[in-house]
Amino acid sequence: MKRLFASLLAVMLMFCACAEEQDENIIRLKTDPPTYLQFNETTREWDLYDETGIIGSNYHIYYYGQEESAYLVRHKDKYGYLSLDGRWIFEPQFDDAFFFSDGIACVVVDGLLGFINIDGQYIIEPRFDDALYFNDGLCAVTEDGEKWGFIDKQGNWAIEPKYDGCYYGGFTFGTGLAVVSYSDYGERILIDKEGNELLKGTRIEFTEDDLVYVERNKYEGYYRITENGPEEVTVVKNNMYLSDYYPFEGSKVAANDYEVDFAFDGKHPLPRLDGATALLPVYAALAQAVYPDDTRYEDCGRFSNPDALFTCTKTNTAYYRLVDGETDIIFCAEPSDQQIEYAAQNGVEFEYTLFGYESFVFIVNPENPLDGLTVDQIKEIYSGELTTWDELGVEGLGEIIPYQRPKNSGSQTALEKLMGDTPITEAPQMYVSDGMEDILQTIEYRNLPNAIGYTFRFFCADMVGSKVKLLAIDGIEPTVENISNGKYPIITPLYAVTRKGESNPNVKRLLDFLTDPQGQELVEKSGYVGLGN
């Protein structure tokens, strides 16, 4: 039996050595004689094998350390490190251990903390009471359990221990900054790698776009850290409140100054309305004109509250709700290919009632000197072919940051239709805005002068009241006049979308009213371009 097992082990180790991708449940170890670790589905731990069979059990492997080419391994309450290629850096022997960071890991021996490197060597012998992670070549440590300072990779003090607290793992996002304090509950301080104090506040945090948020008393601000020190970022608040457009409640809902010539068929239910945020003013005005006075906005999402007469779940969710029978009419731009495919899979076809037009606009920071782009330049920017503002004749702004919206949102679908067969470059996650208002707010809220984004004209200029610059496209400004006369090159048709074969006669009655003169007047009063223009 021993000889048979040894043969099987040899075959398995040969397979692991030759296979392009090793079984994730087997780790071949570089030991003599050969051994390997195999995951045990019953214990949910790893067992250690050699040619005789199991020689050890209950190894626990932590995978986070793969970024540093090492596993953290626990066995019998001791910790060690295993390289991804199966070499023991340190067999389990430490009382506790941290993951590798900046090529260095902190280990605990007899209650004291020291540091090792990826080659299995002590670089700083255990002598500290507590420590955080190495980053930017420095690590926050304390020798007496009270005062914190920063050491370099040789164990020398780079910043003498004088702080009562240190936060966020010491130096954080690659720009040589840390947050410390002189008392546990007092003011926090932003310092650089030389220990210079840059900012103070009761709360200091780093944002995803490498800014520093500071809260102090009732004041809050954002700062960009430059060679000349902190520069405060101008904050422009988003002024949009959806409640301003709730029917019978909102102060910004367009009202008709006459009695409408319309009535629902009382034998059938009222149509349930949903749609895009950018078109909320239209269907709010429509509901306020012809629905009962007690109709109210109701918060809901997909698969929830299917009886809601009036809600706004945004384009993507609204299309899914329409297919699933959760709503009857949605007010949106055209659907994406994915939304059309979902409808087809569920035996639903969309029917589109055109009721107006809007301009799809591109926006930049108001300090950007650029006033316009061509359609071809937009395609080059969003395909990744054109990457710097210098290429557009704008000096000093550096790289172009092209914001995008999530897949299947109305404006993202509009971008995809504009791009046609030109592939869209993948945007970094921090530059994908979740909400339409976010893409407006982010460009100025973070004060990124090198950013560009896209949205719809009325939403940007009136609903949000944003102070971004709307660019001319092919030399044509995105005005109501240029939408009406067809000169603006990126005009978006606006639709009331229903399920084909809808049997409720009140749906058709409402759509007919929307496209009749009285309904069109509401469309135009709401800020959009009607069919007669």
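What percentage of the 533 residues of the protein chain count as buried?

1. Overall composition. The model under review is a predicted one. Of the 533 residues in the protein chain, 50% count as buried. The chain comprises 11 helices and 32 strands. Among contacts with a separation of 6 or more, 51% come from residues 24 or more positions apart.

2. The largest nonpolar core. In soluble globular proteins, nonpolar side chains tend to be buried together. Here the largest nonpolar core holds 69 residues, and the members that touch the most others are Phe 331 and Phe 362. The element giving the most to this core is helix 2 (residues 280-290), which supplies nine residues. A second, separate core has 14 residues, including Ala 318, Tyr 319, Tyr 342 and Tyr 495.

3. The surroundings of Phe 331. With neighbours within four places in sequence set aside, the contacts of Phe 331 include Leu 273, Asp 274, Gly 275, Ala 276 and Leu 279. Tyr 283, Leu 286, Phe 355, Tyr 495, Ala 496 and Leu 514 are also in contact with Phe 331. Phe 331 belongs, moreover, to one aromatic cluster with Tyr 246, Tyr 283, Tyr 297, Phe 310 and Phe 355.

4. Helix 10. Which residues of helix 10 (residues 505-515) are buried? They are Asn 506, Val 507, Leu 510, Leu 511, Phe 513 and Leu 514. Viewed down the helix axis, the buried residues of helix 10 fall within an arc of 160 degrees, so they line one face of the helix. An α-helix has 3.6 residues a turn, so residues three or four places apart point the same way. The buried residues of helix 10 pack against helix 2 and helix 11 (517-525), and also against strand 24 (273-275), strand 25 (329-332), strand 26 (350-364) and strand 32 (491-499). At the start of helix 10, the backbone nitrogen of Asn 506 has a side-chain oxygen of Asn 504 within 3.0 Å.

5. Aromatic pairs. A search of the whole structure finds 32 aromatic pairs. In one of them, Tyr 213 and Tyr 222, the ring centres are 5.2 Å apart and the planes stand at 55 degrees, so the pair is tilted. Tyr 213 counts as buried because its relative accessibility is 8%, below the limit of 20%. Tyr 222 is likewise buried, with a relative accessible area of 10%. Phe 262 and Phe 513 form a tilted pair, with 5.2 Å from centre to centre and 50 degrees between the planes. This pair links distant parts of the chain, 251 residues apart: Phe 262 lies in the loop between strand 23 (229-233) and strand 24, and Phe 513 in helix 10. Phe 513 counts as buried, at 3% relative accessibility.

6. Cysteines. How many disulfides does a search of the whole structure find? The search finds zero disulfides. A disulfide is a covalent bond between the sulfur atoms of two cysteines. For Cys 139, the closest cysteine sulfur is that of Cys 106, at 6.7 Å, which is too far for a bond. Cys 139 counts as buried, with 0% relative accessibility. For Cys 332, the closest cysteine sulfur is in Cys 312, at 8.8 Å, again too far for a bond. Cys 332 also counts as buried, at 0% relative accessibility.

Technical notes. Residues numbered from 1 in each chain as written. Predicted model: local features only at pLDDT ≥ 70, side-chain atom pairs only at ≥ 80, totals over all residues. Heavy atoms only, no water. Core = buried A, V, L, I, M, F, W, Y, C linked by side-chain atoms within 4.5 Å. Buried < 20%, exposed > 50% of the residue type's maximum accessible area, 1.4 Å probe, protein only. Helix = DSSP H or I, 4+ residues; strand = E, 2+ residues; numbered from the N terminus. Contact = heavy atoms within 4.5 Å. Arc of directions from axis to C-beta. Polar contact = N/O pair within 3.5 Å; in protein donor to acceptor, adjacent residues only side chain to side chain. Phe/Tyr/Trp six-rings, centres within 6.5 Å; stacked < 30°, edge-to-face > 60°. Disulfide = S-S within 2.5 Å.
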